[in-house]
Amino acid sequence: MDLLNSILTGGIGVAIFGLFGQVLIWYLNNKNSLTVKNIEIKSIDVENLPTVQSIINRVIDETSIQRVLIMKTENGGGKPRLGAHLYTSIMYEAFKSPLYGTKNDYQRMLVDDIYVKMLSDIGPTTHNNLSVGKMKDGLLKRVYLRDGIKYSEVYYVTETDDAFVYVTFSSTDENEKFDNPNDRVEIDIAVSKIRNIFEPHKQTT
């Protein structure tokens with residue numbers, strides 16, 4: 001006991017308590033950075049990736065699909081919810097005649113509840129088949145009609161606290177449902193590859 005008292009009241013004790021105080025101050029100043037960080041997708045991390053463009057170019061070259069769009073919603077994250085004010089933008093596109101590029105037109109477009117409902121129905125194991133003639137009137141139908149799209153399929157890619165990413169495959173042929181085995185397999189391959197690319201590009205903030 002006398003030895004312990006000597007240590008605590010001597011130079012060693014002062015050093016120990018001084019070190020403890022410095023550690024405590026450092027923890028208080030840095031505790032926020034030690035918490036679990038949110039995950040988000042930043043456009044700078046997933047734009048201009050040549051691998052992504054080559055994947056959707058292959059779909060256009062090898063199938064009857066006439067346009068592929070990779071899109072994301074902003075101003076919210078996770079599964080889109082009715083009533084949320086969401087904006088959608090095209091990140092990547094590939095197309096062939098008679099369709100044309102629309103990336104510059106469709107940036108941060110405010111979507112309506114019909115559009116949000118369509119997105120809320122898709123997930124890792126489910127997608128949406130859209131026959132434009134049977135769709136309810138709304139933004140998405142107007143866009144499809146303007147572009148001459150008659151049939152489209154929408155697939156989930158990924159979601160985070162700040163973004164919801166999806167990919168669409170479209171045709172101007174109302175009788176086209178991508179039933180050709182090659183078309184179906186190419187869609188499956190493309191969706192899988194796109195998901196695998198986007199997941200590692202989530203960043204912590």
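User: Leu130, buried or exposed?
Analyst: Leu130 is buried, because its relative accessible area is 10%. Buried means under 20% relative accessible area, exposed means over 50%, and partly exposed lies in between, with a 1.4 Å probe and protein chains only.

User: What kind of model is this?
Analyst: This is a predicted model, where local features need pLDDT of at least 70, side-chain atom pairs count only at pLDDT 80 or more, and totals for chains, interfaces and linings use all residues. Residues are numbered from 1 along each chain as its sequence is written, and side-chain values use heavy atoms, with hydrogens and water left out.

User: Back to Leu130. Which element is it in?
Analyst: Leu130 sits in strand β5. Strands (E, at least two residues) and helices (H or I, at least four) are DSSP runs, numbered from the N terminus.

User: What does Leu130 touch, leaving aside neighbours within four places in sequence?
Analyst: Leu130 is in contact with Met118, Met135, Leu140, Tyr144, Lys150, Tyr151, Ser152 and Val154. Contact means heavy atoms within 4.5 Å. Tyr151 is 21 residues from Leu130 along the chain, and their C-alpha atoms are separated by 5.7 Å.

User: Which residues line the largest pocket?
Analyst: Leu130 is one of them. β5 gives the most, with 4 residues.

User: What counts as a pocket?
Analyst: On a 1 Å grid over the protein atoms alone, a pocket is an open set of points with protein on both sides within 12 Å along at least five of seven lines. A cavity is a set of points where a 1.4 Å probe fits but cannot get out. Lining residues have an atom within 4 Å of a point.

User: What volume does the largest pocket have?
Analyst: About 240 Å³. A volume is the space filled by probe spheres set on the grid points, which are joined across faces, edges and corners.

User: And the classes in that lining?
Analyst: The pocket lining has 5 nonpolar, 3 polar and 4 charged residues. Ala, Val, Leu, Ile, Met, Phe, Trp, Tyr, Cys and Pro count as nonpolar; Asp, Glu, Lys and Arg as charged; the others, Gly among them, as polar.

User: How many cavities are there of 30 Å³ or more?
Analyst: The structure holds 2 of them. The largest cavity has about 160 Å³ of space. It is lined by 15 residues, and the closest to its centre are Met71, Tyr106, Tyr115, Leu140 and Val143. By class, its lining has 11 nonpolar, 3 polar and 1 charged residues.

User: Which element gives the largest share of that lining?
Analyst: α6, with 4 residues.

User: Tell me about α6. Which of its residues are buried?
Analyst: Helix α6 covers residues 139–147, and its buried residues are Leu139, Leu140, Lys141, Val143, Tyr144 and Asp147. They pack against β2 (67–74), β4 (109–110), α5, β5, β6 (151–159) and β7 (164–171). Just after α6, Gly148 takes a positive phi of about 85°.

User: Which residues other than glycine have a positive phi?
Analyst: Among them is Arg108, with phi of about 50°. Arg108 is in the loop between β3 and β4, and counts as partly exposed because its relative accessible area is 46%. Another is Phe178, with phi near 55°. Phe178 lies in the loop between β7 and α7. It is buried, with a relative accessible area of 0%.

User: Where is the cis peptide bond?
Analyst: From Ser97 to Pro98, with omega near 15°. Pro98 lies in the loop between β3 (87–95) and β4. Most residues other than glycine have a negative phi, and most peptide bonds are trans.

User: New topic. At what angle do α4 and α7 pack?
Analyst: Helix α4 (residues 50–62) and helix α7 (residues 181–198) pack at about 175°, with their axes 10 Å apart. Axes are lines fitted to C-alpha atoms, for helices over the stretch in contact, and angles run from 0 to 180 degrees between N-to-C directions. The two helices are therefore roughly antiparallel. That label needs an angle over 145 degrees; under 35 is roughly parallel, 65 to 115 roughly perpendicular, and the rest oblique.

User: And the whole protein, how many helices and strands?
Analyst: 7 helices and 8 strands. Buried residues make up 40% of the 205 residues.
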